[in-house]
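User: Could you take me through the side-chain contacts in this structure? I am new to this, so please go step by step.

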Amino acid sequence: PKLERAVLDGSDRQTIVSSDISWPNGMTLDLDKKIIYWVDGKLNTISSCNYNGANRNLLLGPTKIFFQPFAITSFQDKFYWTDWVTQSLFQINKGSINELTRLANHSTTIQMRPYGVKFVHSSLQPEGQNSCEYIRCRDICLGSANPQRGHCMGELEEEEEDYIDVRIGDEPEEVPSCKQEELLCDGKNDCLDGSDENTTLCAEIKSVVVYKMSANTIYFRCQVQNRTIKQLEKFVGNYSMSDSSVSQTFEAVAKPCIVWPEYYCFNVSGLGEAIVYNFNISSALRDKRVGDHIEVSAFIKKKASGPPEDVKITSYTPTSVILEWRYPNMSNGIIRNFIINVNLMKMFKEEKCHLSPLPIFQSPAEDEQDMYIHEVTGLCPASSYAVSILAMNDYFGVPVIIDVNTPPSPMDIKRQPSVQLSSLPALSWKPTLHPPTDLPQYNALIKSYLLLMLSTIGDNQSGSNFASLHTILRSQIGSEFKVLWYKSNDDEEAFKQPIKVENLEPRKQYQLAWVQVSQYNDAYGIDYILSDHFIAL
């Protein structure tokens, strides 16, 4: 047995590992660090090496833990493997092999020997050139070491003039090694003629938009057609009034926009109101203009701002809500404030909350920011509101209106837990730190009850019935968890029998949470009590 590598078409075959290896069941790659990790099911080891087989390391072996690994996968600073001895799924931090975490085992979630494990993420599937893009094969096209050349297993499709057979005729020109993607526009001449730092390629302007203006200044947002932008220093150009042949030059330092970091923002000042200006704008590298210029016409005219972007609710309580939004895409002027207006639409119990109008809130916006946050207070529990947010320069801008629902007030736990542990007497429950006031008017909003096993290793299992509750539960309880039991408040039969908690690991400490969930529209109220910590026998 050995580990080998080859191109997809079978060429360039190399042996990476050929000694001290018996059953290499699973293998995974760290694409960033270019490291191979593999498990050996006979030697009971986890090892690593570079892509060429150098720097081989034994990460975990039978002297540290008795196990038989079967499959392995990795992501960022951790790798994961399945084990046949303990019938478990394990996690280890690559930088600290002694920190071993069991994520799942036979007694809880795995019913038989675990086989494959795979971590799925877009970063593990990087984009690349398709060497088969212009080849039409009857069977399969195999990639080669040349990213512009593939090979057909079989004959080409007949009468396909738009596709070429790279096995005959002139081969496509190879990309020089000095012009690989990671070497372009990095500020260094990797090619002797400096062509990898071609200014047109690196920093040509793609588009320019006027997004804001003041009494004598026009603000531009610029998109640059380059990759790393390490060389871009400034924007240069000239402008003139539409009815004049006299032009003036300008320079502006190239800085990423605060609000839109993928763009550049700059401004030209000293302008007059109600005058149309024609701008010619170019980017500059080391005092040298780049590519073609962009022509933009603009004039200073006071008008209302566009709507705030990405308005959303980040959290709520029975009497408050926190709103978050981004700067308008087109502010059309200097934004002084964001105006927040709250209108009550419906209440669950009108006689239990004041009905006076809420004030109009103002959130200052003297500087452009990536994100704006404001807390609206003084709301009523179990109520619906229409909240509008607009940007104000010299005028009231276009508003964004969102619906806001508040949850019921905290309530006493109406159904007490009945939990039966296989090896322990009756469980003790801690009283709540701040007992809620009994509010029977909200009893009709109680929807369900949950029994949670608290955890610190993130092995929560939120099923589809309460997936939307997971973030709220974690925030309220302050811990990860696993759901052991979930029933609707209407299921009377379910509450007549004790809840059995079984298959606990001996000598391990546990804690349970009994959760009462109330709901008004899409807003959840959480009331809970915690058990004392206990150790399974």
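This is a predicted model: local features need pLDDT of at least 70, side-chain atom pairs count only at pLDDT 80 or more; totals for chains, interfaces and linings use all residues.

User: Where do Phe235 and Phe266 sit in the chain?

Analyst: Phe235 belongs to strand β15, residues 234-241, and Phe266 belongs to strand β18, residues 264-268. They are 31 residues apart, and the pair links distant parts of the chain.

User: Is Phe235 buried or exposed?

Analyst: Phe235 is buried, with a relative accessible area of 0%.

User: Why is the pair of Tyr277 and Phe279 called tilted?

Analyst: The planes of the Tyr277 and Phe279 rings stand at 45 degrees, with the ring centres 6.3 Å apart, so this pair is tilted. Planes under 30 degrees apart would count as stacked, and planes over 60 degrees apart as edge-to-face. Both Tyr277 and Phe279 are buried.

User: Which residues make up the aromatic cluster?

Analyst: One aromatic cluster is formed by Phe220, Phe235, Tyr239, Phe250, Tyr264, Phe266, Tyr277 and Phe279.

User: Now the cysteines, please. How many disulfides are there?

Analyst: The count comes to one disulfide. It is formed by Cys257 and Cys265, with sulfur atoms 2.0 Å apart.

User: Why is that disulfide called right-handed?

Analyst: The torsion about the S-S bond of Cys257 and Cys265 is about 100 degrees, so the disulfide is right-handed.

User: Are those two cysteines buried or exposed?

Analyst: Cys257 counts as buried, at 4% relative accessibility. Cys265 counts as buried too, at 15%.

User: What about Cys222?

Analyst: Cys222 takes part in no disulfide, and the nearest cysteine sulfur, which belongs to Cys257, is 8.6 Å away. Two sulfur atoms must lie within 2.5 Å to count as a disulfide. Cys222 is buried, with a relative accessibility of 0%. Cys49 is another buried cysteine, with a relative accessible area of 0%.

User: Let us change topic. How many salt bridges does the structure hold?

Analyst: There are nine salt bridges in the structure. Among them is one between the side chains of Asp310 and Arg326, at 3.8 Å from N to O. Asp310 lies in strand β21, residues 309-317, and Arg326 lies in strand β22, residues 320-326, so this pair ties together parts that are 16 residues apart in sequence.

User: Which residue forms a salt bridge with Glu324?

Analyst: Glu324 forms a salt bridge with Lys312, and their closest N and O atoms are 3.7 Å apart. Glu324 is buried, with a relative accessible area of 15%, whereas Lys312 is partly exposed, at 45%.

User: What does Arg415 do with its side chain?

Analyst: The side chain of Arg415 meets that of Glu492 in a salt bridge, at 2.7 Å from N to O. Glu492 lies in the loop between β30 (480-488) and β31 (499-501), while Arg415 lies in the loop between β27 and β28, so the pair ties together parts that are 77 residues apart in sequence. Glu492 counts as partly exposed, at 44% relative accessibility. Arg415 also lies over the face of Phe495, at 4.2 Å from the ring centre.

User: Where is a lysine placed over a ring?

Analyst: Lys212 lies over the face of Tyr219, at 4.4 Å from the ring centre.

User: Finally, where is Ser409, and which residues does it touch?

Analyst: Ser409 is in the loop between β27 (400-405) and β28 (419-421). Leaving aside residues up to four places away in sequence, Ser409 touches Pro318, Pro381, Leu439 and Tyr442.

User: Why does Ser409 count as buried?

Analyst: Ser409 has a relative accessibility of 13%, and buried means under 20%.

Note on methods. Residues are numbered from 1 along each chain as its sequence is written. Side-chain values use heavy atoms; hydrogens and water are left out. Helices (H or I, at least four residues) and strands (E, at least two) are DSSP runs, numbered from the N terminus. Buried means under 20% relative accessible area, exposed over 50%, partly exposed in between (1.4 Å probe, protein chains only). Rings of Phe, Tyr and Trp (its six-membered ring) pair if their centres lie within 6.5 Å; planes under 30 degrees apart count as stacked, over 60 as edge-to-face and the rest as tilted. A charge sits over a ring if NZ of Lys or CZ of Arg is within 6 Å of the ring centre and within 35 degrees of the ring normal. Contact means heavy atoms within 4.5 Å. A salt bridge is a side-chain nitrogen of Lys or Arg within 4 Å of a carboxyl oxygen of Asp or Glu.
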